[in-house]
Structures are given as C-alpha cells and as structure tokens.
Amino acid sequence: MIIDLTNILSHMDTTENVECTLENDRFQLGTDAYSILDKKPFTLNLVNVMGQKLLVNGETEIQLTVPCDRCLEDVTISVPVKIDYEFRFSEEQIVPAEDEEYSFLSEDYRELSVDAMVHDEILVNWPDKVLCRDDCKGICPVCGQNLNKKDCGCDRVVLDPRMAKFQDIFKEFKEV
Ligand SMILES: [Zn+2]
Ligand SMILES: [Zn+2]
C-alpha cells in the first residue's frame with residue numbers, strides 16, 4: 001500500500017490517521033520467502049509538526065509461517081512491528097537525513113510504501129532461532145526422519161576421528 005504524503009506535508013499542524021493493509025502475501029528474506037498469514041489492518045498516524053517535521057507512528061504484529069530450524073516443520077511466528085519515524089521536510093518533500101536511505105520512500109520523497117516500511121521492521125525483529133518447540137529433536141542426519149514423530153533407530157553416533165583417539169587413551173588409562 002502506498003501513502004501519498006502530499007496532503008499531510010502541505011497542511012501545517014494537521015494529523016492523518018491512515019488505515020493500512022499490506023499488499024504483500026510473502027516476506028522475502030534473501031532467497032527465502034515466508035507466507036504472511038495475518039494481514040489485519042492497522043493505523044499509521046501521520047503528524048505534520050509546524051510545517052517542518054513529519055512524524056510517522058504505528059504498531060502491528062505480523063504472523064508468518066517459518067520452518068523450524070531443526071525439523072523444518074512449519075511454525076507460525078509473530079513478529080512485532082513498531083513504526084516510529086521522524087522526518088524533516090521542506091517544500092512538501094521529505095529531506096532525508098545525511099547517510100540515510102529509506103527504501104520505503106519514493107524517489108521524489110512524496111510517497112511512502114507501507115509494505116516496504118513493514119518489511120524493514122520485520123527484518124529488524126526477525127528471531128535468531130525458530131523452533132517448533134524448545135526441545136525439538138530435529139531430523140535424523142542419516143535417514144531424514146522427523147525425530148519428534150518417531151525414532152528411526154539409525155546409528156547416529158558419528159565419532160570425530162580426533163575424539164576416537166582420546167577414547168583409546170582413556171581406555172589405556174583404565175586398563176593400567
Ligand atoms: Zn522442530
Ligand atoms: Zn534415521
């Protein structure tokens with residue numbers, strides 16, 4: 001969804017509450033794309049402060065389907081989105097701060113993409129780890145069986161050769 005900022009930027013000390021809905025059904029992260037499940041509308045609050053500053057505020061939560069890091073089963077995660085920006089503007093055009101590039105602003109700095117803004121926020125709040133449950137057993141590296149569902153009985157003890165050497169030394173000690 002695109003918000004045209006011309007109106008709010010040209011009316012000093014006014015407020016606009018814009019009802020936003022996302023257009024994207026997926027969240028793209030590198031080469032992976034995750035389904036966005038819940039696209040409930042949320043409100044973006046735009047405030048023109050003394051014809052100099054534009055405040056953009058809003059809050060929502062995005063639900064996505066992401067595979068578990070260990071077993072790859074789909075997990076529904078909820079990512080908080082908190083939008084809180086303060087832009088300077090002049091002549092009805094946002095003036096980006098030095099060294100700042102906003103992926104969600106149009107080239108003429110008069111339009112704002114809600115989807116791109118939310119995308120940035122999801123990225124910032126992306127969880128380090130996604131697990132279907134804390135004690136997820138993962139998949140068997142030998143046969144690929146989901147070990148939460150059943151144990152396949154494979155021999156999964158693969159000894160590092162360096163570890164094997166230690167085991168020998170340990171055995172010798174015991175024999176003495
Ligand atoms: Zn899992
Ligand atoms: Zn197995």
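**Entry 1: ground rules**

I call a residue buried under 20% relative accessible area, exposed over 50% and partly exposed in between, using a 1.4 Å probe and protein chains only. By that rule, glutamate 92 is partly exposed because its relative accessible area is 33%. I am working with a predicted model, in which local features need pLDDT of at least 70, side-chain atom pairs count only at pLDDT 80 or more, and totals for chains, interfaces and linings use all residues. Residues are numbered from 1 along each chain as its sequence is written, chains are lettered from A and ligands numbered from 1 in the order in which they are written, and side-chain values use heavy atoms, with hydrogens and water left out.

**Entry 2: the overall layout**

I looked up the secondary structure next, with helices (H or I, at least four residues) and strands (E, at least two) taken as DSSP runs and numbered from the N terminus. The protein chain has three helices and nine strands. Along the sequence I read the pattern β-α-β-β-β-β-β-β-β-β-α-α. Of its 176 residues, 34% count as buried.

**Entry 3: salt bridges**

How many salt bridges does a search of the whole structure find? I got five, a salt bridge being a side-chain nitrogen of Lys or Arg within 4 Å of a carboxyl oxygen of Asp or Glu.

One of them joins aspartate 25 to lysine 39, with the closest N and O atoms 2.9 Å apart. Aspartate 25 sits in the loop between β2 (15–20) and β3 (26–29), and lysine 39 in the loop between β4 (32–38) and β5 (42–49), so I noted a link between distant parts of the chain, 14 residues apart. Aspartate 25 is partly exposed at 48% relative accessibility, and lysine 39 is partly exposed at 27%.

Another pairs lysine 53 with glutamate 86, at 3.3 Å between the closest N and O atoms. Lysine 53 belongs to strand β6 (residues 53–67) and glutamate 86 to strand β7 (residues 74–90), so this pair ties together parts 33 residues apart in sequence. Lysine 53 is partly exposed, with 35% relative accessible area.

I also found aspartate 151 bridged to arginine 156, where the closest N and O atoms are 3.4 Å apart. Aspartate 151 is exposed at 55%, whereas arginine 156 is partly exposed at 30%.

**Entry 4: cysteines**

How many disulfides does the structure hold? I found zero, a disulfide being a pair of cysteine sulfur atoms within 2.5 Å. Still, I noted that cysteine 132 and cysteine 68 are 5.4 Å apart in space, C-alpha to C-alpha, while 64 residues separate them in sequence. Cysteine 132 lies in the loop between α2 (114–124) and α3 (161–175), and is partly exposed at 34%. I then checked two other cysteines: cysteine 136 is buried at 5%, and cysteine 140 is buried at 2%.

**Entry 5: backbone angles**

Most residues other than glycine have a negative phi. Against that background I marked aspartate 13, whose phi is positive at about 55°, in the loop between α1 (6–10) and β2. Glutamate 92 also has a positive phi, about 60°, although it is not a glycine. I located glutamate 92 in the loop between β7 and β8 (93–95).

Where is aspartate 4 found? I traced it to strand β1 (residues 2–4). At 44% relative accessibility, aspartate 4 is partly exposed.
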